[in-house]
Amino acid sequence: MKYLHTMIRISDVEESLDFFCNKLGLTEVRRYDSERGRFTLIFLAAPGDESNCIELTYNWDPEEYGEGRNFGHIAYGVEDIYATCRRLSDHGVTINRPPRDGHMAFVRSPDNISIELLQQGEALEPAEPWVSMPNIGHW
């Protein structure tokens with residue numbers, strides 16, 4: 001058995017690509033448009049880890065998607081959780097669960113998909129402003 005991808009539905013291709021590619025740092029691996037099915041599939045991966053993708057599914061006919069808390073979250077390991085959260089914050093992304101412990105943070109995509117960021121290796125020493133930041137919303 002081999003992990004292939006995680007699929008999430010999106011409501012706006014450009015807004016989602018801005019978040020996942022420009023802000024989070026993923027790259028587009030491939031794309032498939034289905035005229036007959038009226039949908040677009042966009043596969044994204046972390047640079048250097050192209051075999052593990054998330055699939056963004058955009059249905060051409062508008063639909064309202066609930067938050068679906070049973071989905072859980074997507075998790076990515078990062079080299080420096082503080083630098084990653086600072087970069088995301090500088091780009092206007094809300095840090096829903098700041099990395100107070102130097103190990104874990106949560107953010108949300110434009111479609112409210114919960115994304116967990118985990119420090120690779122040992123946790124970093126707790127540091128400000130993260131230690132004092134409250135949670136915002138839920139993740």
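## Close-up views of a predicted model

**View 1. Strands 2 and 3 side by side.** Tyr32 has Leu41 in strand 3 as its bridge partner. Strand 2 and strand 3 run antiparallel and are joined by seven bridges. Strands here are DSSP runs of E with at least two residues, helices are runs of H or I with at least four, and both are numbered from the N terminus. Before we go on, please note that this is a predicted model, in which local features need pLDDT of at least 70 and side-chain atom pairs count only at pLDDT 80 or more, while totals for chains, interfaces and linings use all residues. Residues are numbered from 1 along each chain as its sequence is written, and side-chain values use heavy atoms, with hydrogens and water left out.

View 2. Two strands count as paired if DSSP finds at least two bridges between them.

**View 3. Around Asp33.** Asp33 sits in strand 2 and is partly exposed, with a relative accessible area of 45%. Buried means under 20% relative accessible area, exposed over 50%, and partly exposed in between (1.4 Å probe, protein chains only). Leaving aside residues up to four places away in sequence, Asp33 touches Phe39, Thr40 and Trp60, contact meaning heavy atoms within 4.5 Å. With Thr40, the Asp33 side chain makes a side-chain polar contact of 2.6 Å. A polar contact is a pair of N or O atoms within 3.5 Å; within protein, one must be able to donate a hydrogen and the other to accept it, and residues adjacent in sequence count only if both atoms are side-chain atoms.

View 4. The structure holds five salt bridges, each a side-chain nitrogen of Lys or Arg within 4 Å of a carboxyl oxygen of Asp or Glu. Among them is the bridge between Arg38 and Asp61, whose closest N and O atoms are 2.8 Å apart. This pair links distant parts of the chain, 23 residues apart: Arg38 is in the loop between strand 2 (27-34) and strand 3 (39-45), and Asp61 is in the loop between strand 4 (53-59) and strand 5. Another joins Lys23 to Asp18 at 3.1 Å; Lys23 is buried at 17% relative accessible area, whereas Asp18 is partly exposed at 29%. Arg31 and Glu28 also meet in a salt bridge, 2.9 Å from N to O.

**View 5. The buried side of helix 2.** In helix 2 (residues 81-90), Ile81, Tyr82, Thr84, Cys85 and Leu88 are buried. They lie on the same side of the helix because they cover an arc of only 165° around the axis, taken from the directions from the helix axis to the C-beta atoms. These buried residues pack against helix 1 (13-23), strand 5 (74-78), strand 6 (95-97), strand 7 (104-108) and strand 8 (114-119).

**View 6. The two ends of helix 2.** At the start of helix 2, a side-chain oxygen of Asp80 comes to within 3.0 Å of the backbone nitrogen of Tyr82. Just after the helix, Gly92 has a positive phi of about 85°.
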